[in-house]
Amino acid sequence: MLEAVTTVLSPGVLLMIAIAAAYGLFVGAIPGLTATMAVALFVPFTFDMDPVPALAAIVTLEATAIFAGDIPSTLVRIPGTPSSAAYTDDAYALTSRGDGARSLGVSLVFSVCGGLFGGIVLIFAAPALAQVASQFSAFERFWLAVLGLSSAVIVAHGTLLKGLFALLLGLTLSTIGLDEIHGLERWTMGSPDLIGGISFIPAMIGLFGLSEVLRNVLTPEAISRGVMQDYTNIVRDAFRRLRARVSHFLRSSCIGTLIGILPGAGADIGAWVSFAASKKSSKKPEEYGKGSMDGVGDATAANNSALAGAWVPALVFGIPGDSVTAIVIGVMMMKNLQPGPQIFEEQPELIYGVYFTFLLANIFLLPLGYLAIRAGRRIVQIPKRILLPAIVVFSIVGAFAINNSTFDIGVMLVMGVLGFILERYGFPIGPVVLGIVLGPMVEKNFMQSMIAADGNLLGFFARPGAALLGVVTLLLWGGSLGLAIWRRQGRSENRDQAAP
């Protein structure tokens, strides 16, 4: 451990961490350029690096890029990263009320503390937690994905029925392309560009970003951007909020870390599930979706704690927890390092170097993130006649940059119109995005589970972990439906009493 700390604190490694932090903040703040893309673009620069600085740079880059994604989410309603979509509406609503600076302060502080929590869990519980995650089969992964989808519907603004419709629309869009199991073409209409399906980044940019531009241009009742308040005390105020909500923070960080540990889950599901849990336990659930500071804080804590969790199966078993750790495994193999239990014995200084970097990166994120907020706050001062075209340009660039495809620009434009129409009639957008993201995971694990259970649906509850997740999901839906029916009956009785 001492050798790892000495290595990470050397001037060369610290310089690399600082460069990676600045690069991560820049890329994460540009709509459409995700943390995964930032890491992928950075890989060529790691070829000549030693393993510790290379991995330290990737850890720092990922942590800063995930937070930076909250800046465009809050200021212009375009999620910088997919995991930001869970609370984009709340963060933007706060900006419209003049609380954008406070919202970004909460995002920063809860992200930093969530990342530190995940790093501590990674240090002390990696082997044990990875052992649990390795026992997850297709049954558990199916129920976990369904739980994430259910959370998106339940926390969405509007009625439960409209949220369910939005989710089903997203799941339908996710079936475009090749069948996950049999490789058959579906809904491609003869277009080779649709064989790979709809890329969720252009779809997300269109649904959130372009739809907001259309709403501002075409409707007189479009939300006007508020003036951001003074930012000098936003970090101090956010720490006060954290102290007042320690139990909620710990719950959200635990949710994020545990979901991050599960292969293929990642921060996206962690943010949605944490946001749903926050709403269920809140004394003001009606604020969620319309500008809840608590919802933003809890979801961002889950975001960053999930990052460290995803490294657990990657380091212990060589199984990527998310797309970033899949790239990390490739970098390690490129340097003749085989992830797995043996690396803890053969090169413990490398593992401890990763551990220590997680803590150091999140500590660095606090001052650097604050500077990024100060720079980003200028966006709300730009006149709309300049800002709206700039958002369109960034949206086009972000959509094109994913696959260097003009077809993705078309997807973004179509999704922008679709998002505008949905919001016009009160349908939430978040479930559509999550349906596109998790649809392939749900379908693949459902088909694998059906094959393993010989078509018997009771097989989905045969394993203890699957039974627990399945019961929680069903109870979540049952409770939400019961509450919706009870509220409708209450409104009906009130109307009857009010009638002459």
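Predicted model: local features only at pLDDT ≥ 70, side-chain atom pairs only at ≥ 80, totals over all residues.
Residues are numbered from 1 along each chain as its sequence is written, and side-chain values use heavy atoms, with hydrogens and water left out.

**Entry: Phe 446**

I placed Phe 446 in helix α20, residues 430-452 (helices are DSSP runs of H or I with at least four residues, strands are runs of E with at least two, and both are numbered from the N terminus). Not counting residues up to four places away in sequence, Phe 446 touches Phe 142 and Phe 460, where contact means heavy atoms within 4.5 Å. I also looked at Phe 139, which lies 307 residues from Phe 446 along the chain, and the C-alpha atoms of the two are separated by 7.4 Å.

**Entry: α10 and α20**

I then followed α20 to helix α10 (residues 200-218), and the two pack at an angle of about 175° with their axes 10 Å apart. Axes here are lines fitted to C-alpha atoms, for helices over the stretch in contact, and angles run from 0 to 180 degrees between N-to-C directions. α10 and α20 are therefore roughly antiparallel to each other; angles over 145 degrees count as roughly antiparallel, under 35 as roughly parallel, 65 to 115 as roughly perpendicular and the rest as oblique. On the α10 side I listed Phe 200, Ala 203, Met 204, Leu 207 and Phe 208, which meet Gly 430, Val 432, Val 433, Ile 436 and Val 437 in α20. The residues of this contact divide into nine nonpolar, one polar and no charged (Ala, Val, Leu, Ile, Met, Phe, Trp, Tyr, Cys and Pro count as nonpolar, Asp, Glu, Lys and Arg as charged, and the others, Gly among them, as polar).

**Entry: α2 and α17**

For helix α2 (residues 11-28) and helix α17 (residues 348-376), I found axes that come within 10 Å and cross at roughly 50°, which makes α2 oblique to α17. In their contact, Leu 14, Ile 17, Ala 21 and Leu 25 of α2 meet α17 residues including Thr 357, Phe 364 and Gly 369.

Leaving aside neighbours within four places in sequence, I found Leu 108 in contact with residues including Phe 67, Val 235 and Tyr 370.

Ser 111 is found in helix α7, residues 100-134, and is buried, with a relative accessible area of 1%.

**Entry: whole chain**

I counted 21 helices and two strands in the protein chain, and buried residues make up 56% of its 500 residues.

Note on methods
Buried < 20%, exposed > 50% of the residue type's maximum accessible area, 1.4 Å probe, protein only.
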